[in-house]
Amino acid sequence: MIRTSTGLLMNRYIDKFISYLQIEKNFSPHTITNYSLDLTEFMGFMENMAVDHIRYLHLRKYLAHLRTQQLKPRSIARKLSSLRSFFRFLQREGLIQENPAVLLITPKLDKTLPKFLSEKEMVALIEAPALEARAGRRDRAILETLYSSGLRVSELVGLDVDHVDFISNMLRVMGKGKKERLVPVGDKALDALKAYLDARKAPHRALFLNKNGTRLSSRSVRNIINKHILAASLGMKVSPHVLRHSFATHLLERGADLRSVQELLGHVNLSTTQIYTHITTERLKDVYDRAHPRA
């Protein structure tokens, strides 16, 4: 254990913590970046104070500082989560005796129901690309695959051609934390994928390519979706995650159980999937109000 006269300087232990998240926890680059930014910001506020000198009152002052920055409660909650994880790591490594972040209270978050498309709107969006052009076949394949499998956009753009099993109707997907899972995919999506791959000129490892013949980016997928949202005259802005929400919602509305939807989405905790039950409950209440004579 390396100590200076002022204690354990924070910057070197942030580096150790980030390495731990990368090597042992296999966190995604996006999550690693957020943790690093949050902790660097905290270090600046604390003027690189030694970690074994930080107490609960220091964290309270930092929380008060965050509240003056007009940040959304969700952003503050994420920053506090980064601090909790950091100090938990320090305590587990024996670098501090007590965890000053244990008593931190996360601001109450409003539960926002995820936006989703109706089945009719999904059909209109999927059928928007013109199939005469190769780009249109690619876009149809993207939309069909997202809706058929409920993939995250990062999972979609990470697919390689050999990740698609056309015989068993399965996709081999690399999810969050570099965890691999098998996801079923429907016949219509597979037909769209075959049509797209048949139209491709040069072979490439990546499944979805841009106009330059290289792997498609997440940003490009977002642009493709909104291009076809306009073409379908749906009059809204839709992210790839909305298609994931639509996938889960439509499954539950048609009788799928929550545990199965959890597995399909690749959620670690069932509580993450339970947000969709609020959507179906709201739909049931709406049907009840319109249909029951004494509602």
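**Close-up views of a predicted model**

**View 1. Packing of helix α5 on helix α6.** In this predicted model, helix α5 (residues 119-126) packs with helix α6 (residues 134-149) at an angle of about 155°, and their axes are 9 Å apart. An angle over 145 degrees counts as roughly antiparallel, and α5 is therefore roughly antiparallel to α6. From α5, the residues in contact are Glu119, Met122, Leu125 and Ile126, which meet Arg140, Leu143, Glu144 and Tyr147 of α6. Sorted by class, this contact of α5 with α6 contains five nonpolar and three charged residues, with no polar residues.

**View 2. Packing of helix α1 on helix α4.** Helix α1 (residues 10-23) and helix α4 (residues 73-92) meet at an angle of about 95°, with a distance of 10 Å between their axes. Because angles of 65 to 115 degrees count as roughly perpendicular, α1 and α4 are described as roughly perpendicular to each other. On the α1 side, the contact comprises Met10, Tyr13, Ile14, Lys16, Phe17 and Tyr20; on the α4 side, it comprises Ser85, Phe86, Phe89, Leu90 and Arg92. By class, eight nonpolar, one polar and two charged residues make up the contact of α1 with α4.

View 3. A pair of aromatic rings is described by the distance of the centres and the angle of the planes. The count of aromatic pairs comes to eleven. One of them joins Phe17 and Tyr35, with 5.9 Å from centre to centre and 75° between the planes, and is edge-to-face. This pair links distant parts of the chain, since Phe17 lies in helix α1 and Tyr35 in helix α2 (residues 29-46), 18 residues apart. Phe17 has a relative accessible area of 1% and is buried. Tyr35, at 13% relative accessibility, also counts as buried. Phe17 and Tyr35 belong to one aromatic cluster, together with Tyr20, Phe27, Phe42, Phe45, Tyr62, Phe86, Phe87 and Phe89. Among these cluster members, Phe17 and Tyr20 of α1 and Phe86 and Phe89 of α4 also take part in the contact between those two helices.

**View 4. The stacked pair Tyr196-Phe208.** Both Tyr196 and Phe208 are buried. Their ring centres lie 5.8 Å apart and their planes are at 15°, so the pair is stacked. Tyr196 is located in helix α8 (residues 187-199), whereas Phe208 is in the loop between α8 and α9 (218-231); the pair links distant parts of the chain, twelve residues apart.

**View 5. The three-stranded sheet.** Three strands form an open sheet in the order β1-β2-β3, with antiparallel pairing. β1 (164-165) and β3 (180-184) stand at the edges, and each has a single partner strand, so one side of each is left without a neighbour in the sheet. The antiparallel pairing of β1 with strand β2 (residues 170-174) extends over two bridges. Within this pairing, Asp165 stands opposite Met170 in β2.

**View 6. Context of the whole chain.** The secondary structure of the protein consists of 13 helices and three strands. Of its 295 residues, 40% count as buried. Among contacts in the protein with a separation of 6 or more, 60% are between residues 24 or more positions apart.

Conventions. Residues are numbered from 1 along each chain as its sequence is written. This is a predicted model: local features need pLDDT of at least 70, side-chain atom pairs count only at pLDDT 80 or more; totals for chains, interfaces and linings use all residues. Side-chain values use heavy atoms; hydrogens and water are left out. Axes are lines fitted to C-alpha atoms, for helices over the stretch in contact, and angles run from 0 to 180 degrees between N-to-C directions. Helices (H or I, at least four residues) and strands (E, at least two) are DSSP runs, numbered from the N terminus. Angles under 35 degrees count as roughly parallel, over 145 as roughly antiparallel, 65 to 115 as roughly perpendicular and the rest as oblique. Contact means heavy atoms within 4.5 Å. Ala, Val, Leu, Ile, Met, Phe, Trp, Tyr, Cys and Pro count as nonpolar, Asp, Glu, Lys and Arg as charged, and the others, Gly among them, as polar. Two strands pair if DSSP finds at least two bridges between them. Rings of Phe, Tyr and Trp (its six-membered ring) pair if their centres lie within 6.5 Å; planes under 30 degrees apart count as stacked, over 60 as edge-to-face and the rest as tilted. Buried means under 20% relative accessible area, exposed over 50%, partly exposed in between (1.4 Å probe, protein chains only).
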